[in-house]
Amino acid sequence: MHRALILTRRRIVSSIPVLLIVIVGTFLLLESAPGDAVDAYLVSLGGGDAGLVTELRQSYGLDQSPFKRLTLYVSALARFDLGWSVAFDRPVLGLIVERLPNTLWLMGAATALAFSLGSLLGIVAGARPGSLTDRALSIGSLALYAVPSFWLGLVLVLVFAVDLRWFPTAGIETIASGKTGLARVADIAWHLALPVSALGFIYLALFLRMMRTGMAEAWRQDFVLFARAKGLARRRIVLRHVARNALLPLVTMLGLQAAAMLGGSVVVESVFAIPGFGRLAHEAVAGRDAPLLTGIIIVSAVLVIVVNLMVDIAYAALDPRVGSGEASS
Amino acid sequence: MNRVARRLVDSPEGVAGLCLLVLLAAMALAAPLLYPGDPLAIVGRPLTAPFTDAGLPLGTDRLGRDVLAGLMHGARASLLVGLATALVALTAGALVGTLAGLAGGLVDEALMRVVDAFQIVPAFLLALAFVSVAGASLSVIVFAIALGAWTGPARLARAEVLSIRERDYVAAARVIGMHPAEIALREVLPNALPPVLALTAVIVATAVLVEAALSFLGLGDPNVVTWGSMIAEGRNVLRTAPHLSIVPGLGLVATVLGVYLLGEGLANAMAAREGRG
């Protein structure tokens, strides 16, 4: 556990400057937008007089210089205050905290699907590199990886919700069903089945290909040759020697994919009308809500850092070489 | 180079990828010749079914716009965005990576932290934010997607430069008094470039998909027909006319798959050449 602590501390220290760059960069980017939150708010009101404009700018602190506002923003961030959403007229942090769990469920389930099915099919492909099964799976996974997630979502809706009526077309749960406990969990799982498939099936290809490549390399190693010479059963060699060694790099992939999946959830949540973090980003853009969009980008960066830290700790736990090397350096 | 080309046309992946892309490029190039008018113009009755009107082979959408004209012009937009994004991202990444690798020290440290910062923000969110600030036009979209794509080339270029700058011919250039900028541009960059260029396929494919997703969300260039916007438009009549969403999506799959297949075929052909030395 000591090793994990050292790793955590080191990662947190090194991510502070990176996070600062993200904060300043995002702030400056959204600062340069023509018109500010007050303009957007006035449009939604249908206009207002000059006195109201000045008053609103003052209340949001928009009458001060950009640098002054940046320092104010960063010092507020340090107190976990992400500002005020103009479009929703609520604190940004509250909105994000409310929406984030839906997205985490979606991403978590999609990752689990992609990882388990992808590595399983990867083992099937890598068991006999160059075979017909291997080639078919390689081409098939490439084709799957070429599919836009939002389009796959629409096709799934068409087949499984409109034609077969197995799953609902949209939403996260049945509205006002009054379900509690396990019944509610089952209801949410039923609603999430299609969006999770739309997101997960695409990333499956990545794990499949990585597993397959790793296994093809492992087959050429001496210890595999030795296992074959010993006359071990093929199934045992495939699972215990070849696949086991190819599995570790897939864990790294989990971290690398976190950012891409978070981006992908924006479109998938819009297709399925899931009130999540990604849909919130789309709503922030539509409502020209700069404070909300800034908050979303910063929270997503923090999320990616956290996921990568968790992956690193898992990796260190799985591979004893990692921690010992870091301790001695 | 000839041998690489021959190996490429020998591999099934390479041939399949080439065929798909040649077909799509032909569609894109023929679009302004076959359909010189605005593909967003209303030309027939709304929701004409496909194969019922000889003048409108694939029918019309909800507003009466020609679907086939849209498809062909859409190929143009997708390929243009994909290639332009790759050009911008590779150029920017190679320059930043070379600079970081050659300068070393604080400059290197600072540039790499910027690369880290761009990598921890989901590329799609970054593109979304940039388009919402700068307004939706094709060039803004290219730049927005490149913002999330230049970090890979930058990292790779830096790693290549770090290994190349220790080689003898670079030391020789330094000894004969060549200017550092000249060394960077004439000795280091050309040798660091090939592995970086291998990222082209992934960048083009990602750019095509991201542009489609932006258009689907209504953030694409409103004056240009794109496959993403056609899918979004067809979504309104998904139950009655599903082909309006499905067909442009097939175009996207064909484009991205073609790019991946060609990329894989090329990579294999190059690897085989190196293997034989």
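This is a predicted model: local features need pLDDT of at least 70, side-chain atom pairs count only at pLDDT 80 or more; totals for chains, interfaces and linings use all residues.
Two residues are in contact here if their C-beta atoms, placed from the backbone, lie within 7 Å. Keep that in mind for the interface.

First, the ground rules. Residues are numbered from 1 along each chain as its sequence is written, with chains lettered from A and ligands numbered from 1 in the order in which they are written.

Confidence next. The predictor gives the complex an ipTM of 0.88 and a pTM of 0.89. Chain B has a mean pLDDT of 88, with 98% of its residues at 70 or more.

Now chain A. It has 13 helices and two strands. Those are DSSP runs, numbered from the N terminus: helices are H or I, at least four residues, and strands are E, at least two.

On to the interface. 39 residues of chain A are in contact with 35 residues of chain B. On the chain A side, H10(A) gives the most, with eight residues. By class, that side has 32 nonpolar, seven polar and no charged residues. Nonpolar means Ala, Val, Leu, Ile, Met, Phe, Trp, Tyr, Cys and Pro; charged means Asp, Glu, Lys and Arg; the others, Gly among them, are polar.

Stay with H10(A). What does H10(A) do at Ala243(A)? It bends by about 45 degrees there. That bend is the angle between axes fitted to the seven residues ending at a residue and the seven starting there. After H10(A) comes Ala273(A), with a positive phi near 50 degrees.

Key: pLDDT is the predictor's confidence in each residue, from 0 to 100.
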